[in-house]
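Please keep the sequence and the structure at hand while reading.

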Amino acid sequence: MHAERIDTSSMYLPTFPFFGFSIIIRKCLFICFSFSLGIMNTRQQSKLIYSWYGKPLSSDRKLRTSQYKGILITSESTKTETCIQLGDFILVEGVNADQPYVAQLLDLYEDGAQHKRAVVQWFCRLGEIPQNKRKLLKREISAQEVFFDQILGYDTDIAAETIIKSIMVLPLHLGEELPMITLNKEQTFYVKQSWDGKCFKVLSPDTFSKLKEANKKRAVITNSSKAFIPPDTLTPVKKETENVLWSATKPKNVDTEIESKHSASKSSLAKERHSQRVANNDIKTPTARKKLELSSPTRSKGRLLGCEVLGLLDDDCDAVAPSEPSATKRKVKFSDILGSPPKIPCINDKSKSTSETAEHHQRFSDIQLTPYTKVKDFGEKDKNLHENGDILSPVGYQTRSILSPVLTPRSRRTCAQKTSALIAEQISMLGQEDFLSDSDSSYSSSSEEEEEEEDVPCTPEKKTKSSRILSTPKSSRKSAVHTPAKTPKKTPVQGTPRTPRNATPEIPRRSQAAQEPASALEEARLRLHVSAVPESLPCREEEFQDIYNFVESKLIDGTGGCMYISGVPGTGKTATVHEVIRCLQQAAENDELPPFQFVEINGMKLTDPHQAYVQILEFLTGQKVTATHAAALLAKLFSTPGPKRKTTVLIVDELDLLWTRKQNVMYNLFDWPTQKHSRLIILAIANTMDLPERIMMNRVASRLGLTRMSFQPYTYKQLQQIILSRLKGVKAFEEDAVQLVSRKVAALSGDARRCLDICRRATEICELARHKRAPEIVRMAHVTEAIDEMFSSPYVNAIRNASLHEQIFLKAILAEFRRAGVEEATVQQIYQHHVALCRMEGLQSPTVSEILAICSRLGACRLLLVEASTKYLHTRVRLNLGQDDVMYALREE
Amino acid sequence: MRPSPRPSSARAPASLRELRMQPAKPSAMSKRKLKESSEESAECISQVQKILRERFCHCGAAGKLFGMKQQYSHLLELLKRTTVHGESNSALIIGPRGSGKTALLNHVLKELREMNQVRENLLEVHLNGLLQTNDKVALKEITRQLQLENVVGDKVFGSFAENLAFLLEALRRGNRSSSCPILFVLDEFDLFVHHKNQTLLYNLFDISQSAQTPVTVIGLTCRQDILELLEKRVKSRFSHRQIYLMNSFDFKEYIQIFKKQLSLPAEFPDESFAQKWNNNVQRLSEDRAVQAVLQGLFQHTKELRALHSLLMLALSAVTVHHPLLTAADLQEAGRQRSADSRANIVHGLSVLEICLIIAMKHLNEVYDGEPFNFQMVYNEFQKFIQRKAHSMYNFEKPVVMKAFEHLLQLELVQPLERPSVRAQREFLLLRLLLDSRQIMDALQLYPNCPTDVKQWAASSLSWL
């Protein structure tokens, strides 16, 4: 009695436009919907019990495995029970709680160790396809589209406990539009193409037909013999689809519905649906109640007998309305069927069915009537037919109209049981209600008799049928009881427009195209920009190979590991690692390596070390959660084996910034690769070679392991090679100029970025000078100028350009330092010297205010370090550069 | 923008008052005039005041640039390449306060905006280290200025982390050829350096060094040691392009600047007056006295703002009766500008307070700048009274104490440490915030100073 089941079946209905009995389901919708919600919500919190459905189909003695045709999932808290059978489409718990995997259930068995296992055919969601491959599709993919998964690497044998629920997967032809289904999206998926890890293919005809078959089968089952499924699960969508169907047959009805829709146009779709549903349910309820009351007194004892069946079937109802009389009533019916207190139920049923069919007809004929009047009519009829009409009084008038649809399905259902194939045909071809309804009564009676003879538990159909009979009235009643309470809850869930999870931020496009470089110098400048990615990284071949081998071996082994890479800034650490990843991805695409996921975090781009968890999780699964939650999820992810687990390559750049006092972030990062199932490869990058020894605790350092690599600063030859490789084919630099730059930079830092920046600046200088003469090439002079610009100390120049009194003040400082022998003086002391110096130079001595202004100006430039305080004359002053530099700068004057 | 709050304006309350009044009621003034031409010239004067004051106050936006041609072309080229070619860059404009960093940038931006090719192609983000005091605030401001918050709709930027990730994602999506270049201007760049981990700077420079949205980061700072403050990773990512502004003009150019700043533009309504005014300015620039004033200022500071404040003071002397600037006006302004603020306070003290200050000066000389307390000062003062035997200054101790506290309030005397409840006020250790030279200068100018006090000030032994 899985809720989802009916769901899916009803979803499928649109493809059988004349499948009249859908109307029946409508009745149940309401309850079902509330129910399915319950299931979804409780999925995480409540404990689920998985049990086999039915007896083993076949068992292998040797392997001690036994196969089953279905599995029952019972939720303890809500007492719901769902049945999933072979061929059903299911959701499987995955890495990301929000994005469970989609699969088709192919086989269910219990292995030797009593573990419940399932064999599945995977479907791929868009999110599982690498970003760069999505382009191959060349079309928009809705979130509901999945791809038939033909990647070989995945484990198709999963634990049955990871199954969440059943869903619907509809095959579509490539050009086909997705059917418009606005609600209940989570339940239905579409498949148009298959995906084998490299390219997308159109579904082969036989997989297409197989998928179609699977759906059809289910549809038939659910429609025809779904008695065992309490309609609880139906979601509003179905109702709509039903409405639509219905309207197809009865055009007038459509009109009224459309009207109502229009009137409600302002409210959200969900609300609209909801209101319709409410109306429908209300209408139905009274009849149901009436029926129940009829049956209840006679059968109340049967409870005990029916308990087995109930165990399987009941839970849904109980969960919704545990204290209702309905439960007892339902059970009573069961007992009847089982225990065969013969004729009364049959008669009852028959009479009901006849009356209902009558109503049915009536209703259809009455189309023109407004609902209200219609209802009244029915109410009267009912009274005539059944003695119990008086019960109806308060709610009664609305009820009648829908009672009839409730019953019709049952009859059809029985038919289907017998000749399911036939009916499927009929459905697809005819869908004429009259035909069905006419045949109702006879079928139903006969089927019920059959039921009695057969033993209940063995075939699913039986069960379904009996439960169905019971459940329909119950459900309708329930709906009546619960509607008011439930509805407000539902609407918000559906109504709130969720903001898109990943808003895609974008910088506006430029309105005019960027100019391409016109001259050789511009071309050279473009290539020399640090951001320009060269085809290969010269001078880092060895390091590249080491890292590549490390990752490759781990990938092939399917294990995890860490590598620590160090080196001063600008030595190509990150570039090399990225290059490695690019090559590995290439190899993975060519099937030379197993596929892997690539995640990168940068300590500098995190606001807090703990944000690392959040980013990793987001990369892996797309979830956005808090740091602590993310840590827990990641720990779970890496410590437990999972289906479809790919190796993850994680680059941690600027590792030292992930340092916290407890070092738990680092600890976790380096602990995960050591877990058996993690398949995590970490490449940690930092500047200092001895980082593990210096700042890491022993337990962290030991987990990091000893696989280390250090990038040496570039030598001048390497720098030269880097520049020349970038400038290949462009004649913009003199050979010597390049050598000068590389020697200069190699002597200072060995930072390749600096080297490139100097060259770039040199081209600019050259370009500026070209207007006068015409040297198309960067020469030594230009390079020297660029180097001077970048590396010359600004202090000397600043002092030379200072005003006269500022210079005298500096001299006074030197004098005071020399006098006191201490490299610190108060303004008052310096002031004395300053006045003396002014006297020597024949200048007017400045006032104290002016001296303090000079002092603060020099302090702002940081030529002086000035104590920040209100001490006025007693402020202490120091030089921020060497005394010799000041002397040198001042002497030149 | 309001008139630059210079210390000099505080020193010249009279001129300030005049300044404020004039634009408010020129008509009232004109009514007072008896001459016929007065109305017209009043109109001219108020025009002159308006034009020149605007020039002196808004030196960043409207003023001219002096002596930075090379830097100008460098910066212009840089920004042009960013917008036209989509080249990422980073640069620092370094120069002392008042050297025209912001003015340079504004001029370059103004010229860029006039170019068709550039106008729609550049997004500007202006940040100031004094306003964006941490990265969180800065990121919010960037998002706002890039108008990215629309993209997020109703999503609330709760966390700093989210905001950063969002922004980086936004910038990462761009590329050189198709995204609109962004210019980040970081005013008071040195304050951004103190943000935690220099996250913002790292990310901005990192973007400017990688193939993402083209970005140019321009930092403005007055600190010469700015590169030493950058963290090594940040420093490596910075392109080391530094544009120095040094005020590297000599006195001749300074005179030219003075002339340009004071001249009226050609489009001045009353041509004859403008002619007269400009001729006068020309004459002034050749005047020896004026040159001496300017020379004095130039020797103290090359900052153009100082010149502006000087001219502002001089300009405030211009009225209908006195329509043209004279050398005396400038001299007076120069005197006001360079006056010592503490000495001015001393002028307003009573004789008793002056005596106390003199006593403190003697104590400083005797004890070589060691701190003193009230009791010591009082004893010194008593000695002077007894020697002189004039009862004229013989005040009660509480009265002296009161005078002493007044000095404390004027902050001419400063306690070494915060006064605590337990310590007696008489024995609180103090320090004089005046230099002996200041005291002597102030005494020279002190009106009606008794001779014996003057003598005592000159030497503590004068009674002998």
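The model is predicted, so local features need pLDDT of at least 70 and side-chain atom pairs count only at pLDDT 80 or more, whereas totals for chains, interfaces and linings use all residues. Residues are numbered from 1 along each chain as its sequence is written, chains are lettered from A and ligands numbered from 1 in the order in which they are written, and side-chain values use heavy atoms, with hydrogens and water left out.

**Helix packing**

Two packed helices are described by the angle between their axes and the distance between the axes. Helices are DSSP runs (H or I, at least four residues) numbered from the N terminus. Axes are lines fitted to C-alpha atoms over the stretch in contact, and angles run from 0 to 180 degrees between N-to-C directions.

| Helix pair | Angle | Axis distance |
|---|---|---|
| H25(A) and H26(A) | about 135° | 8 Å |
| H15(B) and H16(B) | about 160° | 10 Å |
| H18(A) and H19(A) | roughly 45° | within 9 Å |

Angles under 35 degrees count as roughly parallel, over 145 as roughly antiparallel, 65 to 115 as roughly perpendicular and the rest as oblique. Helix H25 (residues 716-726) of chain A packs on helix H26 (residues 735-748) of chain A at an angle of about 135°. H25(A) is therefore oblique to H26(A). Their crossing is right-handed, a term for a near helix turned clockwise from the far one by less than a right angle. Contact means heavy atoms within 4.5 Å; among the residues of H25(A) that meet H26(A) are Tyr716(A) and Leu719(A). The residues of this contact comprise eight nonpolar, three polar and two charged. Here Ala, Val, Leu, Ile, Met, Phe, Trp, Tyr, Cys and Pro count as nonpolar, Asp, Glu, Lys and Arg as charged, and the others, Gly among them, as polar.

In chain B, helix H15 (residues 251-262) and helix H16 (residues 271-286) pack at an angle of about 160°. This angle makes H15(B) roughly antiparallel to H16(B). The crossing of H15(B) with H16(B) is right-handed. Ile255(B), Phe258(B), Lys259(B) and Leu262(B) in H15(B) touch residues of H16(B) including Trp277(B).

H18(A) and H19(A) are oblique to each other, and their crossing is right-handed. Their contact holds residues including Phe544(A) in H18(A) and Cys583(A) in H19(A); by class, the contact has ten nonpolar, one polar and three charged residues.

**The contact between chains**

How many residues does each chain give to the contact? Chain B gives 90 residues and chain A gives 76 residues. The buried area (accessible area, 1.4 Å probe, that two parts lose on being put together, summed over both) is about 7400 Å², with 49% from carbon and sulfur atoms. Arg233(B), Gln299(B) and His300(B) supply 10% of the area that chain B buries against chain A, more than any other three residues.

**Salt bridges**

A salt bridge is a side-chain nitrogen of Lys or Arg within 4 Å of a carboxyl oxygen of Asp or Glu. The whole structure has 40 salt bridges over all chains, and eight salt bridges are counted between chain B and chain A. Arg233(B) forms a salt bridge with Asp656(A), with the closest N and O atoms 2.8 Å apart. Within chain A, Glu767(A) and Arg525(A) form a salt bridge, with the closest N and O atoms 2.6 Å apart. Glu767(A) lies in helix H27 and Arg525(A) in helix H17, so the pair ties together parts that are 242 residues apart in sequence.

Methods: Helix = DSSP H or I, 4+ residues; strand = E, 2+ residues; numbered from the N terminus.
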